[in-house]
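Thanks, everyone. Let me put the model on the screen, and then we'll walk through a few local features.

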Amino acid sequence: MLKNDLPKIISESLPGPKAKKIIERRKEAVPSAIKCVYPVVIERGEGAVIEDVDGNKFLDWIGGVGVLNVGFGHPEIIEEVKKQSEKYFHGMFNIVTHEGYVKLAEKLNEIVPVKGDKKKTYFANSGAEADENAIKVAKAFTKRPNIICFSGAFHGRTNLTMAMTSKKAYAKGLGPFPEGVYRAEFPYLYRKPKGMSDNEAIEYYINSIYKVFEECSSAEYIAAIVVEPVQGEGGFIPAPIEWVKAVRKICDDNGILLIADELQSGFCRTGRMFASEYWKEEGVMPDILATAKSIGAGLPLSAIVAREEIMESVLGGTIGGTYCGNPLACAAAIKTIEIMERDNFAKRSLEIGEKVQKRYREWMEKYDVIGDVRGLGGMIGMEFVTDKESKNPNTAIVSEIIEEAVQNGLMLENSGTCGQVIRFLAPLVMTDEQLEEGLKIFERAIEKFSSKN
């Protein structure tokens, strides 16, 4: 079965002849701004493996950028979606109630770690929509106009979320953007100010929030502070728990809501169903949680969860949308969560993460171009530098490693503000044998280019 296969390239070159023709057609039909990064045209996928139209097999450590924690085409989820499709494809939830929406909302109200005894959930289609809706809810509840987000943040490609996103390459030439979006510094401890201890640096990063209050907007006008528990596009940087506790206190002291952006870190990716469970274990929780990606096993779906008093502050007609909580996506999500809980995906994420971090740290000792390894569970980043002393971002070697790896059947992706980090987002259904083969391909690529940089 494909899901158990190892990567194997049979074409003389990539893309293969069939894939090349389709990629040429893509160039003619699709805007070039939607980049063709990999020489891969998928024919089918199972588990963590893609087979392309030429019969090449790739081990996918990108997983649709965190969408496929449960893997490509899980048979039980396929069956649930088929069953739902035979009843009806769509029924806008503002018009007709469908039980799948209600059942999924009930489940998320049960498992999502936000403050409050009684919670409510509603659905959107994408991660950017979830973040934007979380902010709408926060503004409705607080009656305040402004928000704080962070350096390194990525929240989406809508007009508001482009304003929130730190890396402006994602927004070049597309403004103007909404007012009232202010930015503090995220605790990127690997790149903390020189000479500071970690504790001193955390205090420094906390103080940057107070600087926003002083220089941009006083606290009384801030509706929410938006935090990724593990920054994704920013370079897979976990938020230190002492900093999270401080942010929670700042919010409590000033009537500000804390929003956790778990678009990428949710659904067992970090070794918990949600990364915010690590916060809960330390006595702090967000007020609102936005999540997406792996919730629907590949079908478009996102969720916004908060306590009842926050959700009920929203005026009728200001949230919702045509496809939000589509029946097929809800059916997939209900089964996805059931499988994740039954098969203990969170534990599997910890197992994979432990093996990967151990190997990565061995490589960090071996290769001068690896500056840092960090992450939670199966969400791990490796940062490449020109040398360990300067810590200058090494974007060039990352591009070379990714290209070399895909030519040998392993798909990797970069992140970080300079593209200097390689992220690990493999489907959690990957076998131990596939993990080992992927690590071998990855190290051979590092070894090949480390001596040249």
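Start in the loop between β8 (230-231) and β9 (237-238), where Phe236 sits. This is a predicted model, by the way. Phe236 is not a glycine, yet its phi is positive, about 60°. Is Phe236 buried or exposed? Buried, with a relative accessible area of 0%.

Next, Cys268. Find Cys268 in the loop between β10 (257-262) and α9 (276-281). Here too phi is positive in a residue other than glycine, near 75°. Cys268 is buried, at a relative accessible area of 2%.

Now the cis peptides. One joins Leu14 and Pro15, with omega about 0°. Pro15 belongs to the segment before α1 (17-29). Another joins Gly175 and Pro176, with omega about 5°. Pro176 is in the loop between α6 and β6.

That brings us to the strands. β5 (residues 146-150) pairs with β6 (residues 181-184), parallel, over 4 bridges. Opposite Phe150 you have Ala184 in β6. From β5 the chain goes through helix α6 (residues 159-164) to β6. Which hand does this β-α-β crossover have? It is right-handed.

Last, a helix pair. The axes of α4 (residues 99-111) and α11 (residues 327-342) come within 9 Å and cross at roughly 35°. The crossing is left-handed. On the α4 side, the contact uses Gly100, Tyr101, Lys103, Leu104, Lys107, Leu108 and Ile111. α11 brings Cys330, Ala333, Ile334, Ile337 and Glu341. By type, that contact of α4 with α11 has 8 nonpolar residues, 1 polar and 3 charged.

How values were computed: Residues numbered from 1 in each chain as written. Predicted model: local features only at pLDDT ≥ 70, side-chain atom pairs only at ≥ 80, totals over all residues. Heavy atoms only, no water. Axes fitted to C-alpha atoms, helices over the stretch in contact; angles between N-to-C directions. Helix = DSSP H or I, 4+ residues; strand = E, 2+ residues; numbered from the N terminus. Left-handed = near helix turned anticlockwise from the far one by under 90°. Contact = heavy atoms within 4.5 Å. Nonpolar A, V, L, I, M, F, W, Y, C, P; charged D, E, K, R; others polar. Pairing = 2+ DSSP bridges. Right-handed = clockwise from strand over helix to strand, strands pointing away. Buried < 20%, exposed > 50% of the residue type's maximum accessible area, 1.4 Å probe, protein only.
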